[in-house]
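Take a look at the model below.

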Amino acid sequence: MIQFNNVSKRFTREGKSFWAAQNINLDIQEGEFITVIGPSGCGKSTVLNMCAGLMKSNGGEIYYRGKLVEKTNTNVGYMTQKDNLLPWRTVKQNVEIGLEIKGVSAKEREIESAKYIEMVGLKGFEKHYPQELSGGMRKRVSLAKILAYHPETLLMDEPFGALDAQLRLILQDKLLQIWKETKKTIIFVTHDLEEAITLGDRVAVFSKRPGTIKLIQDVNIPRPRDTFNVRFTDEFANVHAKLWEALKEEFIEEGNVG
Ligand SMILES: Nc1ncnc2c1ncn2[C@@H]1O[C@H](COP(=O)(O)OP(=O)(O)O)[C@@H](O)[C@H]1O
Ligand SMILES: [Mg+2]
């Protein structure tokens with residue numbers, strides 16, 4: 001469904017160029033839930049930007065259903081790391097943006113937005129403006145917005161990072177439910193190893209900059225998964241140990257260890 005073929009990206013800042021991502025090779029199956037983890041600055045968001053067609057690579061290609069991604073990829077719904085809610089629109093109006101663009105009737109929009117606003121626990125906040133909400137609440141509005149749009153593929157960049165632990169478990173659970181019901185394909189970036197294992201069919205570990213894929217680990221925990229209890233299974237511990245082994249090296253600075 002999505003194929004990264006030797007994808008690299010170079011940036012220039014203050015006259016110096018550097019590789020943000022290098023030779024990314026990854027095949028994602030239709031309906032797969034893949035999670036991506038790696039140290040900050042290793043190019044995770046850059047890879048999502050390229051997949052969404054918002055940024056061009058400096059080498060390699062990305063194919064979506066066999067078609068080269070060259071411009072904005074309208075098959076994906078992208079929940080960016082920074083929320084991009086419109087400040088002059090209420091929660092409800094923000095959630096309905098995608099539906100308006102699709103030409104969905106006001107009545108239908110009303111039903112859909114109410115459904116997803118309730119799902120993310122924001123019932124009663126429909127008429128609030130983004131600046132009246134906490135960071136975690138704004139994240140939830142972004143989630144409702146992307147779900148209401150019903151894209152075929154979801155790109156999610158640390159969507160639950162700003163949420164407290166309990167709410168995170170609840171939203172992870174909802175997301176798994178939605179994924180199961182709607183058979184979406186999901187690429188989910190997180191800095192939380194446990195979240196990566198809880199959600200993913202596979203976990204891709206990025207190395208530090210320039211980001212390359214260091215390891216792709218299968219997670220053979222049966223579904224449906226209980227987002228709280230899953231961590232007490234043997235397979236979870238097993239996968240956790242392997243991923244941590246790969247990941248921890250990426251946090252060790254050269255010259256920092258004796
Ligand atoms: N538009 C940009 N211009 C210049 N440098 C960028 C740009 N976007 C990201 N970078 C740099 O590229 C590297 C990878 O960034 P990013 O993909 O955001 O990492 P991650 O999401 O893994 O934390 C970082 O060093 C970041 O500062
Ligand atoms: Mg990022």
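A crossing is left-handed if the near helix is turned anticlockwise from the far one by less than a right angle, and right-handed if clockwise. By that rule, helix 4 and helix 5 cross right-handed. This is a predicted model, in which local features need pLDDT of at least 70, side-chain atom pairs count only at pLDDT 80 or more, and totals for chains, interfaces and linings use all residues. Residues are numbered from 1 along each chain as its sequence is written, chains are lettered from A and ligands numbered from 1 in the order in which they are written, and side-chain values use heavy atoms, with hydrogens and water left out.

Helix 4 and helix 5 pack at about 140°, their axes 9 Å apart. E112, Y116, I117 and M119 of helix 4 meet A144, L147 and A148 of helix 5 (heavy atoms within 4.5 Å).

Helix 6 spans residues 165–182. Its buried residues include L167, L171, L175 and W179 (under 20% relative accessible area, 1.4 Å probe, protein chains only). The buried residues of helix 6 pack against helix 4 and helix 5, among others. Just after helix 6, K183 has a positive phi of about 50°.

Now the magnesium ion, ligand 2. Its protein donors are S45 (OG) and Q81 (OE1), 2.1 to 2.4 Å away. S45 sits in helix 1 and Q81 in the loop between strand 6 and helix 2, so the pair ties together parts 36 residues apart in sequence. Donors here are N, O and S atoms within 2.8 Å of the metal (3.2 Å for Na, K and Ca); water is not among the atoms, so sites may look incomplete.

Methods:
Helix = DSSP H or I, 4+ residues; strand = E, 2+ residues; numbered from the N terminus. Expected span 1.5 Å × (residues − 1). Buried < 20%, exposed > 50% of the residue type's maximum accessible area, 1.4 Å probe, protein only. Axes fitted to C-alpha atoms, helices over the stretch in contact; angles between N-to-C directions.
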